[in-house]
Amino acid sequence: MGSATLSPAPAAHPRATHPILFLVLFMPFGAVPGFLTVALAYELSKKGISTGDIAIVVGISYICLLLKWLWAPLVDTLLTRKVWYVGSTLVCGLGLWLAGRAAMGEHPSLPLISVALTVSNFTATLLAMAVESLMAATVPDSQRGRAGGWSQAGNLGGQGLGGGLSLWLIQGEGLSDAASGGTLGLLCALCCLALFWVDDSRPLLKVDGHVEAAGHLGVAANLRSIGTDLWELLRSRIGILALMICLLPIGSGAAQNLWSPIAAEWHASAGVVAFVTGAMSGLISAAGCLAGGWLCDHMDRKTAYCVFGFLLALAAIGMALCPRTSNQYIFWTSTYAFVVGLCYAAYCAVVLEAIGDTAAATKFSFLSAVSNFPIMAMTFVDGAANTRWGTNGMLWTDAWYGVAGIVVFALVAAWTRRRSEAAALASAS
């Protein structure tokens with residue numbers, strides 16, 4: 001699994017970007033699901049649309065997140081990342097306005113809403129790819145943990161902006177759904193201003209062991225180069241470990257998707273649930289992202305992810321053992337949210353460390369798509385455990401799956417280390 005010697009890129013390397021800028025650049029990506037799942041879902045339910053129909057709209061719009069690696073090569077081969085970001089952000093904002101417009105009136109058009117939101121989600125994936133590729137190209141290795149933390153904080157902040165602010169504009173200020181979506185789209189467009197402090201160059205591809213700026217090859221050669229680069233990553237030790245980080249149920253945070261249905265056991269009121277699992281949870285998770293990003297730059301990032309995953313398991317166990325009071329509900333759900341932020345930052349740092357700076361959008365998108373599966377799977381597992389064994393059974397299940405994932409990761413890490421050492425000895429002899 002030796003790596004080829006890479007020649008210097010023909011273009012000057014972009015200057016380093018301060019990690020805090022990725023907080024701003026990533027906010028539009030989080031704004032889309034926030035607008036959909038909070039503001040738009042609330043308005044549709046008020047107009048008599050069933051929860052089942054709303055769930056279908058949400059589900060259709062999320063398909064793009066699972067398949068985004070299929071169109072990631074576009075960002076790796078065409079134009080510059082700034083062009084992709086600006087174009088995607090503007091189209092994304094337009095989609096939010098169209099979705100809000102389709103939701104107006106007594107009889108909202110669910111097909112039109114689905115189309116508009118799918119367009120927004122599609123362009124949001126391109127936006128995210130551009131930012132992820134910029135992180136890979138312009139952030140030095142010593143700051144990739146902090147870049148991951150700021151970017152994930154921006155993602156969570158964008159969700160709060162897209163959901164909380166949009167709903168406030170509709171309910172508190174009396175704006176229409178379209179005006180609220182348009183205002184959110186305008187705020188997303190303003191995030192483009194952060195690009196003034198970000199350097200850019202054409203994306204890099206690895207061709208026959210050499211690094212070259214994209215754009216000099218044909219489509220087939222570009223795709224072949226990207227495919228080879230991705231395959232080399234998945235065969236390398238760092239690539240295998242990054243894939244395990246994304247695939248195993250370590251730090252998935254799936255239990256927080258079920259806080260609302262179990263709140264009555266802790267005698268938590270509707271207002272407490274809305275505040276603690278909404279705006280407060282987002283802020284606490286964002287703080288966890290920043291702390292996790294800093295820690296990842298001061299220790300091994302894969303180890304950090306496993307440590308954070310173990311802390312998340314302890315948080316679930318603590319909630320299972322705690323007295324059933326509203327204050328305990330607030331404390332443990334907030335603790336869980338903070339540790340989820342730690343895990344988000346560590347996941348992003350591990351991926352950035354693994355992908356390098358060639359074909360970055362494709363490699364990041366592939367690993368990101370993989371990381372969605374344990375979150376979805378653990379949500380189903382936690383729900384089934386709750387049905388069979390009750391809330392405590394759900395929390396213990398969430399914890400034990402996380403610990404089991406850490407054990408599996410440790411075994412894979414040990415196996416790949418021995419394999420790498422054996423290969424190095426064979427090469428030396």
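**Exercise 1. Find where helix H1 bends, and check its length.**

Start with the bend: H1 has a kink of about 40° centred on Phe-35. Here the bend is the angle between axes fitted to the seven residues ending at a residue and the seven starting there. Helices (H or I, at least four residues) and strands (E, at least two) are DSSP runs, numbered from the N terminus.

Before going on, know your model: it's predicted, so local features need pLDDT of at least 70 and side-chain atom pairs pLDDT 80 or more, while totals for chains, interfaces and linings use all residues. Residues are numbered from 1 along each chain as its sequence is written, and side-chain values use heavy atoms, leaving out hydrogens and water.

Now the length. The expected span is 1.5 Å times one less than the number of residues. With 26 residues (21-46), H1 should span 38 Å, and its end C-alpha atoms are 38 Å apart, so the two agree. Just after H1, look at Gly-48: its phi is positive, about 90°.

**Exercise 2. Explore the largest nonpolar core.**

First, the rule: a core joins buried (under 20% relative accessible area, 1.4 Å probe, protein chains only) Ala, Val, Leu, Ile, Met, Phe, Trp, Tyr and Cys residues through side-chain atoms within 4.5 Å. Next, its members: there are 115, and those touching the most others include Leu-40, Trp-259 and Tyr-329. Helix H15 (residues 326-355) gives the largest share, 16 residues.

Finally, zoom in on Tyr-329. Setting aside residues up to four places away in sequence, its contacts (heavy atoms within 4.5 Å) include Trp-259, Trp-266 and Met-319.

Conventions:
Buried means under 20% relative accessible area, exposed over 50%, partly exposed in between (1.4 Å probe, protein chains only).
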